[in-house]
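Please look over the sequence and the model shown here before reading on. The paragraphs after it move from the whole chain to its parts.

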Amino acid sequence: MTRKMKNNPASKPDFGFTVAGLIGGGVGLTVTLILVLIAPFLLLNTNDPNSVSNYCAAVCAFIGSGVGSAIASILCKESPLQAGLLSGATEVVPIILVSLFLPGSINFVNCAIILSSIGLGAFSVSFLIMRTKSNQKKNMKRVMKRR
């Protein structure tokens with residue numbers, strides 16, 4: 001009699017860092033766009049909305065890249081830091097491509113602030129997830145050593 005092997009439902013598929021980075025970048029870009037669409041309603045309550053609009057866009061980009069890099073780092077078990085940074089880079093590419101077709105002059109300071117907030121959000125969250133995964137491995141080795 002043959003028995004069919006059951007798939008383990010608890011095991012999750014392990015994505016490579018390119019696929020995880022692309023998925024995380026898409027999720028991060030979506031979260032950023034949703035936050036940017038919600039931000040004007042919050043800015044209308046201030047006295048001068050134009051004075052804080054650039055900083056609000058930087059915060060939206062920071063949160064979006066953090067969420068995207070967290071998703072990418074969780075999906076990729078082998079190299080979470082690289083997947084998180086790739087998700088941040090994936091989020092930057094469409095933003096730069098869209099900004100090339102918009103009329104007006106380029107403000108390099110605002111561009112640098114937004115790009116650095118994306119990079120900082122992607123690096124910090126993916127580094128945090130990488131460190132917690134390595135601590136879990138060390139703790140598991142200690143527990144198994146005691147037995």
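What follows is a short walk through this protein.

This is a predicted model, in which local features need pLDDT of at least 70 and side-chain atom pairs count only at pLDDT 80 or more, while totals for chains, interfaces and linings use all residues. Residues are numbered from 1 along each chain as its sequence is written, and side-chain values use heavy atoms, with hydrogens and water left out.

The protein has four helices and zero strands, the helices (H or I, at least four residues) and strands (E, at least two) being DSSP runs numbered from the N terminus. Of its 147 residues, 25% are buried, where buried means under 20% relative accessible area, exposed over 50%, and partly exposed in between, with a 1.4 Å probe and protein chains only.

Helix α1 covers residues 17–43, and its 27 residues should span 39 Å at 1.5 Å a residue, which agrees with the 37 Å between its end C-alpha atoms; the expected span is 1.5 Å times one less than the number of residues. Among the buried residues of α1 are Gly21, Gly24, Gly25 and Gly28, and the buried residues of this helix pack against α2 (49–75) and α3 (80–100).

Helix α2 also holds Ile71, which counts as partly exposed because its relative accessibility is 32%.

How values were computed
Contact = heavy atoms within 4.5 Å.
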